[in-house]
Amino acid sequence: MALEWVVLGYAAGAEAIMLLLLTLPGLDALRRGMISVVRGALKPMMSVVPFCLFLLMDIYWKYETRPTCGDEHACTPSEHLRHQKSIIKSQRNALLIGAALLLYWILFSVTSLVVRLDQLQQRVDKLKKRDD
């Protein structure tokens, strides 16, 4: 199961880098090319959403089927430590899922806003040329 988390981490990292390149000021020449790259990548990256839902169901299943210690002294210290590590990993993975989904949504929103801004800028330039 570690490979799925690595893939999700790389996808979240790629989303963060694309978002950073789209929003940094002063990169207008790069931004035009990045817009086309990001718009082309958004549809395939949509697969992050069902993938995250699958991984979230996996966390839930592991939570529901984990062995529990009924009494305080029912588990050995190593079993108790293993349960604590499992809970911490699940929390970390849930944060990764949330970050990947949030970054995808922000990337989608920012890309549509940048495209709309470019369209409006072209319209303003066209109207200025017509008035001159």
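Contact, in everything I say today, means heavy atoms within 4.5 Å. Hello everyone, and thanks for coming.

A word on the model first. It is predicted, so local features need pLDDT of at least 70 and side-chain atom pairs count only at pLDDT 80 or more, while totals for chains, interfaces and linings use all residues. Residues are numbered from 1 along each chain as its sequence is written, and side-chain values use heavy atoms, with hydrogens and water left out.

Let me start with Asn-93, which sits in helix H4; helices here are DSSP runs of H or I with at least four residues, numbered from the N terminus. Is Asn-93 buried or exposed? Its relative accessibility is 8%, so Asn-93 counts as buried, where buried means under 20% relative accessible area with a 1.4 Å probe, protein chains only. And what does Asn-93 touch? Setting aside neighbours within four places in sequence, Asn-93 is in contact with Trp-5 and Ile-59.

Now, those two partners turn up again where H1 meets H3. On the H1 side we have Glu-4, Trp-5, Val-7, Leu-8, Ala-11 and Glu-15, and on the H3 side Val-48, Phe-51, Cys-52, Leu-55 and Ile-59. By class, that contact has nine nonpolar, no polar and two charged residues (Ala, Val, Leu, Ile, Met, Phe, Trp, Tyr, Cys and Pro count as nonpolar, Asp, Glu, Lys and Arg as charged, the others, Gly among them, as polar).

How do H1 and H3 pack? H1, residues 2-23, and H3, residues 48-64, lie at an angle of about 140°, with axes 11 Å apart. Axes are lines fitted to C-alpha atoms over the stretch in contact, and angles run from 0 to 180 degrees between N-to-C directions.

Back to H4, then. It has 55 residues and spans 80 Å from first C-alpha to last, close to the 81 Å expected at 1.5 Å a residue; the expected span is 1.5 Å times one less than the number of residues. Its buried residues, including His-83, Ser-90, Asn-93 and Val-115, pack against H1, H2 and H3.

Last stop: H2, residues 28-45, packs on H4, residues 77-131, at about 135°, with axes 10 Å apart. From H2, the contact includes Arg-31, Arg-32 and Ile-35, and from H4, Tyr-104, Leu-107 and Asp-118. Here the classes are nine nonpolar, one polar and four charged.

That's my tour, so please do ask away!

Terms used: Helix = DSSP H or I, 4+ residues; strand = E, 2+ residues; numbered from the N terminus. Buried < 20%, exposed > 50% of the residue type's maximum accessible area, 1.4 Å probe, protein only.
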